[in-house]
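Welcome! Here are some exercises to work through with the model open beside you. Take a look before reading each solution.

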Amino acid sequence: MNRWRTNTGCLAASLCAALLAGCIQAVPQELVDAIETIDRDLIALRAPEIAADDYARFVRQWVPLKARVQSEDDLIRWPWEANHLEADLRRLHEEGGQAVARLSDRRTLQRQAVESKLARVEERLQMMASHVEAIEGRIVLGGKPVQTDLLMKQARTFFDQQDYNRSLLAAEQADQALIAQAAVLSRELGRYADEERIARWQAQAKQTIEWSRHQHSTAIVVSKADRVLTLYKNGRPVLTHPVRLGFNGMREKQYSGDGATPEGRYRVTAKRGQGQTQFYRALVLDYPNAEDRRRFEQAKKAGRIPSAKGIGGQIEIHGNENELMAQTLGCVMLDNAHMAALFERVEPGTPVTIVGALTGQNSVAYALAQLTHREEDT
């Protein structure tokens with residue numbers, strides 16, 4: 001009898017063990033872990049920011065399902081029992097995975113688009129810097145190029161942080177700043193591309209050269225755009241030297257201290273050798289002449305010149321004594337060797353014509369055309 005009871009107990013235990021072995025945990029842990037991973041992936045892809053509706057829908061499903069998982073953590077079920085919780089989790093897993101795939105593709109496209117934008121604006125920035133340097137337009141633009149450069153550095157930083165929206169915004173601001181700078185240069189230096197103005201400059205230079213030919217004498221023509229001084233004798237060029245202008249030399253001179261090199265027809269009034277000038281040697285010009293004074297008074301009456309400003313003077317063609325004087329304030333500067341050769345050939349009374357440009361194919365007009373062309377392409 002006892003043996004039968006013992007056998008019966010063993011049989012019952014074995015049966016229970018077999019039945020328990022066939023039981024299944026209410027929710028597979030790997031499924032829960034997979035959905036947790038999807039949640040982290042969505043956050044890493046900035047779904048709360050760039051796909052708020054999709055992420056909100058995922059969260060609305062995941063939060064209550066997660067609570068159900070926790071409440072049924074200790075439950076087990078028979079294989080033949082329906083498991084609605086697992087079905088709901090698998091559906092959410094599929095939907096979440098699709099959302100991750102869509103956002104991944106979207107982020108990839110966004111990254112490529114922003115990277116392309118950054119490359120275009122950086123190319124434009126380099127081009128702007130190159131042209132500004134070539135036409136000495138730094139003073140015209142003031143601190144704008146520095147601000148634009150900072151914007152592009154910010155755009156790159158945001159891009160490296162995968163914050164593509166802010167990166168794109170900074171790049172677009174930099175792009176608009178470059179367009180504005182091109183407009184400033186066109187407004188301030190547009191006369192270098194103006195056919196009527198160039199025709200007047202050509203006429204002035206031609207008259208000066210003709211005077212040299214008729215008078216069998218010397219004459220000087222300076223082209224600001226080309227930054228070249230040419231000495232004529234009997235109407236023929238005998239010397240051609242590169243020059244430097246005032247720190248704001250490409251602009252039209254308006255008043256004292258503006259750093260601009262004047263444009264017009266002048267004459268050498270005096271020669272100053274060593275000991276008579278702060279420079280190596282100098283040819284003093286009769287600036288301001290009557291035409292300069294007329295323009296100055298008109299501009300002042302029109303309010304284009306501050307009332308406290310004067311017309312200025314002491315415009316010279318001079319050499320360079322030392323590095324501290326390497327940047328002239330509005331004059332025309334030559335290297336000392338070139339200044340020595342010019343000084344020996346020129347006497348007081350020599351006409352000097354300073355023009356913006358002698359052809360429409362000058363460096364400033366070319367730079368402005370390139371900047372305008374890129375602006376239209378943007």
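A residue is buried under 20% relative accessible area, exposed over 50%, and partly exposed in between (1.4 Å probe, protein chains only). This is a predicted model, in which local features need pLDDT of at least 70, side-chain atom pairs count only at pLDDT 80 or more, and totals for chains, interfaces and linings use all residues. Residues are numbered from 1 along each chain as its sequence is written, and side-chain values use heavy atoms, with hydrogens and water left out.

**Exercise 1.** Decide whether Thr350 is buried or exposed, and find what its side chain reaches.

*Solution.* Start with the place: Thr350 sits in the loop between helix H11 (336-345) and strand S10 (351-355). Helices (H or I, at least four residues) and strands (E, at least two) are DSSP runs, numbered from the N terminus. Next, the relative accessible area of Thr350 is 4%, so Thr350 is buried. Finally, its side chain reaches the backbone oxygen of Glu347 at 2.7 Å.

**Exercise 2.** Work out which residues Ser212 touches, leaving out those up to four places away in sequence.

*Solution.* First locate Ser212 in helix H9 (residues 195-215). Its relative accessibility is 0%, so Ser212 is buried too. Counting contact as heavy atoms within 4.5 Å, Ser212 touches Ser217, Thr218, Ala219, Tyr232, Lys233, Asn234 and Gly235. For Gly235, the backbone nitrogen lies 3.0 Å from a polar atom of the Ser212 side chain.

**Exercise 3.** Find which residues Thr350 touches, again leaving out those up to four places away in sequence.

*Solution.* Thr350 touches Thr218, Ala219, Ile220, Tyr266, Arg267 and Val268.

Methods
Polar contact = N/O pair within 3.5 Å; in protein donor to acceptor, adjacent residues only side chain to side chain.
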